[in-house]
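Please keep the structure open beside it as you read.

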Amino acid sequence: KNNIANIIPMKAVVLAAGESSRFWPFNQKHKSLFQIMSKPLIWYTLEGLGKSGIKDIIVVQGPEKIVEKELKNYKTKLKINYVAQAEPNGTGNALLQAKDLIKGPFVVIGAHKIDCGEYLPLLLKKSRQTPQKIVFLGVRTSRPQDFGILKFQDNKILEIVENPPEGKEPSDIKSTEAYVFPNNFFDYLKRVTEREQSLIDAANLFIKENGAEFVLLKEGTISLKYPWDLLDVNDYSLKNIRTAIRGKVEKNCVISGAVVVERGSLVKSGAYIEGPVYIGRNCYIGPNCHIRNSTSIGDNCRIGNGAEIKNSIVGDNSKIPHLSFVGDSIIGDNCNLAAGTIAANFRFDKKTVKSVVKGQIIDTQKDKFGCAIGDNTQTGVNVSLMPGVIIGSNCAIGPNSLVIRNIEDDTVFYTKHMEVVKKRS
């Protein structure tokens, strides 16, 4: 089934432009460049395309061309062309940048879709059966207000309804960021007004005149809209790793499950590691640490004596000193959490964790979610971070602070009365 693309030679357009504002504090670069297990997410997406038989790929990136610069650090046998979107004018405009490189039907996919190898064969098979129609990938969702939702009549797609209000959802099936389009879809993009939702506008116009098909998956796919979605991405990335101890593990350590320890890393005596866990290059894992399942630790990290980390991502060059706890959290690059820092991950009332994104309270729909901390942020000793808080980059949080709400980028903060001391210049 993974060679279906060879029957219908296709190119794929990978969308890696845009601002990803809801992904703060990790949106300084495109979200697909966030690294897990020492590789950017887009690398896994490209690998999935290749395994599905699609070898000719067009990557649409932003004007800074950071994606292209990043991917040149990784070897691939795929043919990759890069085009740039000059302004963040929506996915429709981004797709138009690839028009001159495409002659036949083509796949369009989000750059963060690291699981695409599992469902692309199904999309390609359906496209072979109905080559003149759009093929959507449908997945059931419990929060249709956040997505483009398919509207049906007699099992035929009528349109995509973007972010329907609660109580007016046409169905519970969302269209994910994975499609197969016929080549004449570009004509429809040119017929609609250019705006953020122009891809959906063009799709709806195409559906009205030609119809569309869909493949409904039994299980969900990787979604990456909010920072806490990275925990699901991390869990997926780690599920197929195999134990590989390339660094040094001292005696009297306990390692269970699949654990990778990269070259140059040292795991001190008394550490207890429950896989799946990935530990990058040149890390120090102190004595009596407890590294629990679904944890990914980047390169050049230092985990101190007696620290506990569970179901979390720790970025490159970050330090979590002794007697700290980080649960179900995402820690950026170059962070330093001082001794006794606690990232609580479970609400006292046992309800799902809420978080604030762009001024709106969002239900993460997770029983456990700790915090998201941007790059270059440090905490003083005995800082307590409540479930769901998001802390920006380049912040300093004073000793004994209790953080119960988001902290903006470039902030010096302490809590005697929940005060911001100053904004960093």
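1. A word on the basis. This is a predicted model, in which local features need pLDDT of at least 70 and side-chain atom pairs count only at pLDDT 80 or more, while totals for chains, interfaces and linings use all residues. Residues are numbered from 1 along each chain as its sequence is written, and side-chain values use heavy atoms, with hydrogens and water left out.

2. The largest pocket. Its volume comes to about 1,100 Å³. A pocket here is an open set of points on a 1 Å grid over the protein atoms alone, where a 1.4 Å probe fits, with protein on both sides within 12 Å along at least five of seven lines; lining residues have an atom within 4 Å of a point. Grid points are joined across faces, edges and corners, and the volume is the space filled by probe spheres set on the points. There are 39 lining residues, and Arg22, Lys31, Thr91, Glu177 and Glu196 lie nearest the centre.

3. What lines the largest pocket. At least two lining residues each come from strand E1 (11–16), helix H4 (90–96), strand E9 (156–162), strand E10 (173–181) and helix H7 (198–210). Helices (H or I, at least four residues) and strands (E, at least two) are DSSP runs numbered from the N terminus. E10 has the largest share of this lining, with 5 residues. By type, the lining divides into 12 nonpolar, 16 polar and 11 charged residues; Ala, Val, Leu, Ile, Met, Phe, Trp, Tyr, Cys and Pro count as nonpolar, Asp, Glu, Lys and Arg as charged, and the others, Gly among them, as polar.

4. The second largest pocket. This one has a volume of about 630 Å³. Of its 24 lining residues, Met37, Trp43, Tyr44, Glu47 and Ser237 lie nearest the centre. Helix H2 (41–51), helix H5 (116–129) and helix H8 (229–238) each supply at least two residues of the lining, and H2 gives the most, with 5 residues. The lining of the second largest pocket holds 10 nonpolar, 5 polar and 9 charged residues.

5. Salt bridges, starting with lysine 11. The whole structure contains 17 salt bridges, each a side-chain nitrogen of Lys or Arg within 4 Å of a carboxyl oxygen of Asp or Glu. In one of them, lysine 11 meets aspartate 56 at 3.9 Å, N to O. This pair links distant parts of the chain, with lysine 11 in strand E1 and aspartate 56 in strand E4 (residues 56–61), 45 residues apart. Lysine 11 is partly exposed at 24% relative accessible area, whereas aspartate 56 is buried at 17%. Buried means under 20% relative accessible area, exposed over 50%, and partly exposed in between (1.4 Å probe, protein chains only). Lys11, Asp56 and Lys79 are linked in a network of salt bridges.

6. Two further bridges. Lysine 239 pairs with glutamate 118 in a salt bridge, their closest N and O atoms being 3.8 Å apart. Here too distant parts of the chain are linked: lysine 239 is in the loop between H8 and strand E12 (244–245), glutamate 118 is in helix H5, and they are 121 residues apart. Lysine 239 is partly exposed at 47% relative accessibility, and glutamate 118 is partly exposed at 46%. Aspartate 146 and arginine 143 form a salt bridge of 3.1 Å, N to O. Aspartate 146 counts as buried at 18%, and arginine 143 is buried at 12%.

7. Serine 294: buried or exposed? Serine 294 counts as buried because its relative accessibility is 3%. This residue lies in the loop between strand E20 (290–291) and strand E21 (295–297). Its side chain makes a polar contact of 2.9 Å with that of aspartate 235. A polar contact is a pair of N or O atoms within 3.5 Å; within protein, one must be able to donate a hydrogen and the other to accept it, and residues adjacent in sequence count only if both atoms are side-chain atoms. Leaving aside neighbours within four places in sequence, serine 294 is in contact (heavy atoms within 4.5 Å) with residues including Asn234, Leu238, Pro276 and Asn311.

8. Arginine 347. This residue lies in the loop between strand E29 (342–343) and strand E30 (354–357) and counts as partly exposed at 24% relative accessibility. The side chains of arginine 347 and aspartate 349 are joined by a polar contact of 2.6 Å.
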